[in-house]
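Dear colleague,

I am passing on the structure below for you to look over. My notes on what was found in it follow directly after.

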Amino acid sequence: MSELSPLLEVSSLSKRFGPVIALRSADLSVRPGEVHALMGANGAGKSTLVKVLTGVLRPDGGTIALRGKIRVIASPAEARRAGLMPVYQDPALIPDLTVLQNLRLTGTPVEAVRRWLSELGMSGIDFGVLTRDLPPPSLRLLDLARALAAEPDVLLLDEITAALPADLTTRVFDVVGRRRAEGRSVIFISHRLAEVSVFCDRATVLRDGETVGVVEPARGAEAKIVDLMLGPVAADVARAEAQRAPIRSGDGPGKSRLEVKNLRAGSMLQDVSFTVRPGEVVGVAALEGQGQGELFDCLAGVRKPDAGQILVEGRATSFRHPYDAIRAGLVLVPADRMQALLRQRSVRENIALPLVSRLTRWGLINVRSERRRVKQAIERLQIDTRAQAQVRRLSGGNQQKVSIARWLAAGFQTLLCFDPTRGIDIGTKRQIYVLVRELAAAGSSILLFTSELAEIPLACDRVIVLFGGRVVQVLPANVADESTLLRAAHGLAAEAAS
Amino acid sequence: MTVRRYFQEHPIVVLSLLLLLLVGVLEAIRPGAVTPNWFRTTVLFAAPLGILAAGQTLVMLTGGIDLSVANVATAAAYIMASNARHGDLQAVLLGLAVGVAVGLVNGLGIAVFQAQPLIMTLGMALVVTGGLTVYSQFAVTSVPSVPGFIHTLGAGTVLGFVPVSLLLWAPIAVIIVVGLRRTGFGRLLYAIGDNAAACRLAGVRVWQVRLVNYTLCGLLSAIAGLVLAGTINTADLGLANTFLLPTVAAVVIGGTSIFSGSGNYSGTIIGAMILTVLNSVLTLLDAPEPIKQILYGAIILLLATAYTRVLSDT
Amino acid sequence: MVVGRVAIPFVPPRLVRRHGWTIGVYALLLASLIFTVAIHPTYGAFDIKSLALGALPLALAAAAQTVVVLSGGIDLTVGPLMAVTNVLAARAMLHSNFRDALLIAVLVLILGCAAGAFNGSIVVFSRVPDIVVTLAMSFVWGGVALLILEKPGGGAPLDFQNLAQEATLSPWVPNALVLLIVVVAAVWMPLRGSRLGLALYAIGSDRTAAHASGVNVPLVRILAYTLSGVFAAIGGLALTMTTGIGSPLSGSFYTLSGVATIVLGGVSLAGGKGGMLGPMAAAFILTLIPADLIFLGIDPNYGQVIQGIVIVLVVMVGGLAALRRKPA
C-alpha cells in the first residue's frame, strides 16, 4: 500500500506523573479518512495519550504533527481549533446548565447538533432540560453530536460504546464511519475486540506507555492484538485460562440463599422474581436501563424497593441502609470503582474499611489481625501493591480488585457484581472470572451483571434476562451464547412466547 | 528530589523546622528572649488555641468545618463563670454541657439533615452568641467569677516552668493523635473525608460518625473555653471570639487538607505553636496592629502556599 | 427578569420548578412585609427607606459572595474589602465636592476590581484552597483598612450620601433600592446571559467538564473574584453613603452574613446553582427581622438568635428537600 501522507503524526510522546510513567514513547500515525483503533491493556497509556492530544494534559516530550506541521496543543480550546475533537468516557457536559446553554458555552451551532442527533436516532432530546437530568446514553450521544457538529478533522472516541445499548452502538458506527468519505479520521478506543475488527481500518497497540505495533484487524488479527496488548508472558497465561472450561457447580435443587419476589422500584424495575442458591453464579443480562441498576441497588440496601420482597436464607428482610444488607451477607461491587474506593487512602485502609464500619469496632484496631486478613485478600487477588500508599495510583484493574478484596476480607454470603469488568483489560477480566468460579465452588452465591454478553457463559451457571424491568427469560448458561442473549435482551423471546 | 520526597512523607519535620526557625528569629531579635519562662508563656497562650483547633481538625478531616468553635468556647466559659456560686464542679459541668449540646445540634443538622457544615455552624454561632447576650442580660444575677482551680488550670505552673494547662493539653493530644491512627473511629474520619458515598456502600453509617464527631468538637471547644477563662481569669462575652480564624489557620498550616481527608493533629499542634510564636515575634517587634495583621495574613498565606507546592505531585 | 434571559422556550411548570426557591424567597419577603405592617400599622415610607438603607450593604456583600460561590469558590475577604473601600472613600471624600466624590468613587471601584483580581490570582496560582487563601487575605485587607483609617472618621459630601439616603423618585421608592437595582441590572444582567456567565456557572458545576469544554478555568476563576471585588467596592461605597463616614471595622459583619444571605437566597455553596435575585430578597428579609423585633417590643439581642435559627432551619429544610429528591 502506498503511504498516504498522515493527517496526524505523533512521535515518541512521553508523560509522567511524579514517579509514575504514563507514556514512555507513544507513536501514532493516522491517515486521512481512516478509522484507527487505539488498543492496550489498562494502564497502557491510552487515556493519557488522548488527553495529551486534546490539550487536557501537556506532554513532557515528543511531537504532535497535523498535516505535516508540528503543533503545540496547550489547551482543549487549542485542540479544538487544530481540528482534534474528543468524546471522553465522562461526558464533558456541565450538569447545571441546560443542553442549549452547554452548546452556547462551547460555541457549537445548535442546528448542526440537532441534525447529528437525529442521524444518531436521538432527535427526541429536549434542549431546555438540565443535562444532569438526562440518562447516561443520551449524554454520551449528545456529547458525540456536539463533537461532530464542530466538523473536526480527527474525532477521538474514548470507549464510546461502553455505556451504549447494542442498537445505538450500530448507529454510532454507521454515522461515524460515513466520515471516512470526507477524508476525516476517527481514533477509536475500545476494549471490545469484536468491534475493533469490524469497524476499524488499522489498530495501534500500546503496552506500558509504548507503541508496540500497528495491525490491520480486518485480516483476522485478533489473536495478534491480544498478544501485543498482553506482552509475551501474560499472553500465554491468558490463553491457557481461556482453554480451561469453567467449572460448573451442580445446579440440582437446593435451598435458596437469596430469593427475590415481585420486586419493584421506580419506573425502571417493574416486577422481578428469581432465586440464587448457594454455590451458584447467576448472570443478569440486559441492555442499558432495563432495571438492573435498581435491582442491584435494592439488593445492596442502597435504595428501598417500592414493592416486593427480598428473602435471605428464607427470611424476609428489609434493608434501610447498605449496613443492613451487609449484615445479611449481601455485598456489592459497583461498576464505577471510584464509587467504592477511598482514592487518597492506602490499599490496606480500603480493604479494611468494612471491618471498622460497625459502631462496636470504633475502638482500638487489632492491627495484627487486620494485616493478616488484608494480606490474604491481596494475595488471593494478586493485587499489584507497588503503589499501595494511595489507591488512585493503581491501574483500573487493580482498583477493581481492591474493591472485591474488601469483601473477601470482611466475609459475605452473596456477592453482587455490577459490571465488574467494565473498561478492564483481558488479563484482569479472566482473573476476576476465575475468582468468581472459585468463590462459588467454596459455597458463595454470586449475582453478576455484565454489559458484555459474551462473557456470561464464561462465569455463570444460569442467566436471567431482564427487559423492561421484568424477567423475560431464564436460561442455563451453556445455551446462553451471545446471539441468544441478545435476542432475549431485546425482548424478542418474550414476544415469541406470548 | 529526594529532599522533597522526604518532606512529602514527613511534613511534620518541615513544620517543626519552621517553628524552630521562628524561635531562632525571636532569639536573634531580642537575644536572651527564649527562656523557660518564655516557654511557659508561649504554651499558656498556645494551649487554648491548640485544644480549640483539635475539634476543628477532627471536623476538617471529614471535609467539614465548624465556625461555632470560638462562640461555643466563650459561651462555655461564661456560663461556667456565672454559675460558679452553685459550686465549682457543677459550674464546670454546665460549661461542658453547653459545648456538647451545641455540638450535638451541629451534628444533627449536618449528619441527619444534610446541611452544609459551613452555614450550619455559622447559624449556630449566631444562635449561641445571641443567646448568650440575652442570657447575660436576663439570667445573670451575680458577677461572673472563674473558679480557683480553673484559674490554676489555665495559668498555673508546676516544676517551675511547666504550665498546668500542658498537663491537660498533652493527654488530649496523645488521645487524638493515637486515636486517629489506631482506632476504627479515627480510620472512619479519614475515610469519610475521602469519599463519604463509598463509606456508605461499605456499610458505614456515616451520619453516626459525623454526629459523634461534631459533638466531640463541641466538647473540645468548651474545654478550650474553660482553659482560656482560667488563663485570663475572667469570662466576658467576647472571650474567645478572635480565636475562630486562628483555629482554621492552625489546622491548615498543620497540613490537614480541607478537601481530601488527610492530615493529623500533630501538625495542628505545631501550627498552633507557630501562630503563637509568630504573634510574640510581632509583638516584640513592636509592630502596630494593622502591620501585625497584614504580616499575620501574609505569613499564613506563604506557609500554606509553600506547603501546597511541596506536597503536590506535579 | 433574570429568568427571561435564558434563551429557551419556556414551559411554566419548569420555570416554577427550577426557580422554586427564588419564588419562595420573594413570597417570604412579602409575607414578612405584611407581618410587619400588621404588627406596626404606621409602617410607612420612612420605614421602607430605612429598611432599604440597612439592606443595601448586605445585599451588595451577598452579590459579591454570590459571584464567587457560583463559580465554586468562597470569598472571606468580602467584609474586609468593603471596609477598605469604605475608609478609603470616606478619607478621600472628606471636604470634597460632589463631582470629586463621584470621581473618587470611580477610582475606588477600580481599586476594588484590582483587589479582587489580586485575591483571585493568589487563589489560582498558589493552588491553596480558596477558603484558606481568602481567610489569610481577610487579615491582610483588614490590616490595610486600619492603615488607611485608624478609627472611624472621614466623611462624604451630602449630595453623595443622598444617592442612597434620599427618595428622589417617590417617597415610597428609596434611592437605596434604585441604586441596588441599577447596580445588579448593569453588572450582573449582561453577564448572566453571556458566555462568560455560562462559564462562571460551568466551573462551579463541574470543573473537569468545563475545562474539557474549552473554558479557561483559571481565568474565569480570577474574573469571579474580580467581580466580587467590584461588588464589595460598591458595598464599601454604599457604607460611606449610608453612614456618612468611614469605619475600619465596618466590614467585619458582612463576610459571614453575606454567606448566610446567599444560602437563604437559594445559592448552593457547592457551586453552579442559584442566581442573584434570591439573595437580594434574602438581604431584605434578614434586615427586616431585627426591625420587627423592635416593633414587637422584644430585646433586639434576640435578633441574632432568630437570624441564626432562620439560617439553621433554612439549611436543614434545604438539605431535607435535596434528600427527598434523591431516590435513595
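In chain A, the domain assignment, whose bounds come from an automatic or database source, gives domain 1 (8-238) and domain 2 (258-497), and the centres of these two domains of chain A, taken over C-alpha atoms, are separated by 30 Å. Please keep in mind that this is a predicted model, in which local features need pLDDT of at least 70 and side-chain atom pairs count only at pLDDT 80 or more, while totals for chains, interfaces and linings use all residues. Residues are numbered from 1 along each chain as its sequence is written, chains are lettered from A in the order in which they are written, and side-chain values use heavy atoms, with hydrogens and water left out.

Turning to chains B and C, 45 residues of chain B are in contact (heavy atoms within 4.5 Å) with 42 residues of chain C. The two chains bury about 3,700 Å² between them (accessible area, 1.4 Å probe, lost on being put together and summed over both), 79% of it on carbon and sulfur atoms. Of the area that chain B buries against chain C, B:Phe113, B:Ile119 and B:Leu301 supply 15%, more than any other three residues.

Among the helices (DSSP runs of H or I, at least four residues), α5 (88-112), α6 (117-138), α11 (244-253) and α13 (289-311) of chain B each supply at least two residues of the side that touches chain C, and α6(B) gives the most, with 15 residues.

Best regards
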